[in-house]
Each structure stands twice: as C-alpha cells, then as structure tokens.
Amino acid sequence: MAKFKYKMQNILDVKYKLETQAKSEFADANGRLLNEEKRLNGLKARKQMYELEAKVLMRGNLDMKKIQTNKRAMIALNEMINRQLAVIESCKKDVEKAREKLNDIMMDRKAHEKLKEKAFEEFKLELNAEESKQVDELVSYKFGL
C-alpha cells in the first residue's frame, strides 16, 4: 500500500514552530503585564497607608515636619502611580500585538492543515481508484481465461 507524503510538510512544521514561539511571546508579554499590575497594586496600597497616616497626623498635636514629609511622599507616590499606569498601558499594547501575531500565525497554520487534509483526501481517492482498477483488471483477467 502506498504511503501518504505531504509535499509541504516542512512548511507546516515551520508553522508549528512559529506558533509555539508566538505562544511563548504572548505568555511572556502577559506575564510582564501581570507583574506591572502587581507593582501598581503595591503602590496603591502604599498610597492608602500614607493617606491613613495623614489622617492620623491631622488629629491631635500637629507636627508640621511629619505632615510635610507625608505630603511629599504622597505626591511622589502619585507620580510613581502615573508612570506605572503608562507602563501598564504599554504592556497592554504589547500583549495585544502578541495576541494578534499569535492569531495570524494560528490562522496560517490552520490553512496549511486544511491543505494537508485536502491533499490526503485526494490521495485516498487516487488510492481507491487504483485499487478499483486493479480489481477490474483481475476480474477481467479471470473471465478472459
């Protein structure tokens, strides 16, 4: 029996490797986004801590040095949070680019798989036609004797 050999198997193999690479790039970009979001959450938690400290400093005896230090720390934290938000937006764009790239590569691979399936179906039809031809020849040979 004949063996099916897809002519463009090497291209399909390359598509699989590209898809694997794109998946890892997407996972890396998503991991970076999660890390940056954790960092933002940490900054927000620190900001809440400073806000609570500011409320405590406003009660009772007022220590202007501590209040000013607290205020400067909150201003610095606000700047850090704004920078972190910009970093997160950049990471989100990177994740979306990686997602689009992965989607394009997966569609391309699926198209090649469809081509392979069609080629296999054609191979099966040719094989069935060849077997029918051999059976017909065998039957005509037996009746011809």
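Below is a short chat about how some labels in this predicted model were reached.

User: Before we start, what are the ground rules for this model?

Analyst: It's a predicted model, where local features need pLDDT of at least 70, side-chain atom pairs count only at pLDDT 80 or more, and totals for chains, interfaces and linings use all residues. Residues are numbered from 1 along each chain as its sequence is written, and side-chain values use heavy atoms, with hydrogens and water left out.

User: Why is Lys15 called buried?

Analyst: Buried means under 20% relative accessible area, exposed means over 50%, and partly exposed is in between (1.4 Å probe, protein chains only). Lys15 comes in at 16%, so it's buried. This lysine is found in helix H1; helices are DSSP runs of H or I with at least four residues, numbered from the N terminus.

User: What is Lys15 in contact with?

Analyst: Leaving aside neighbours within four places in sequence, Lys15 touches Ile105, Asp108, Arg109 and His112. Contact here means heavy atoms within 4.5 Å.

User: And what makes Lys5 exposed?

Analyst: Its relative accessibility is 74%, so Lys5 counts as exposed. Lys5 sits in the segment before helix H1 (9-58).

User: Why is the pair of Phe4 and Phe120 called edge-to-face?

Analyst: Rings of Phe, Tyr and Trp (its six-membered ring) pair if their centres lie within 6.5 Å; planes under 30 degrees apart are stacked, over 60 edge-to-face, and the rest tilted. The structure holds 3 aromatic pairs. For Phe4 and Phe120, the centres are 5.0 Å apart with 75° between the planes, which makes the pair edge-to-face. The pair links distant parts of the chain, with Phe4 in the segment before H1 and Phe120 in helix H2 (residues 64-144), 116 residues apart.

User: Then why is the pair of Phe4 and Phe123 tilted?

Analyst: Their ring centres are 5.4 Å apart and the planes meet at 55°, so that pair is tilted. Phe4, Phe120 and Phe123 form one aromatic cluster.

User: Which residues line the largest pocket?

Analyst: The lining is Lys3, Phe4, Lys5, Tyr6, Lys7, Ala119, Glu122, Phe123 and Glu126.

Key. On a 1 Å grid over the protein atoms alone, a cavity is a set of points where a 1.4 Å probe fits but cannot get out, and a pocket is an open set with protein on both sides within 12 Å along at least five of seven lines; lining residues have an atom within 4 Å of a point. Helices (H or I, at least four residues) and strands (E, at least two) are DSSP runs, numbered from the N terminus.
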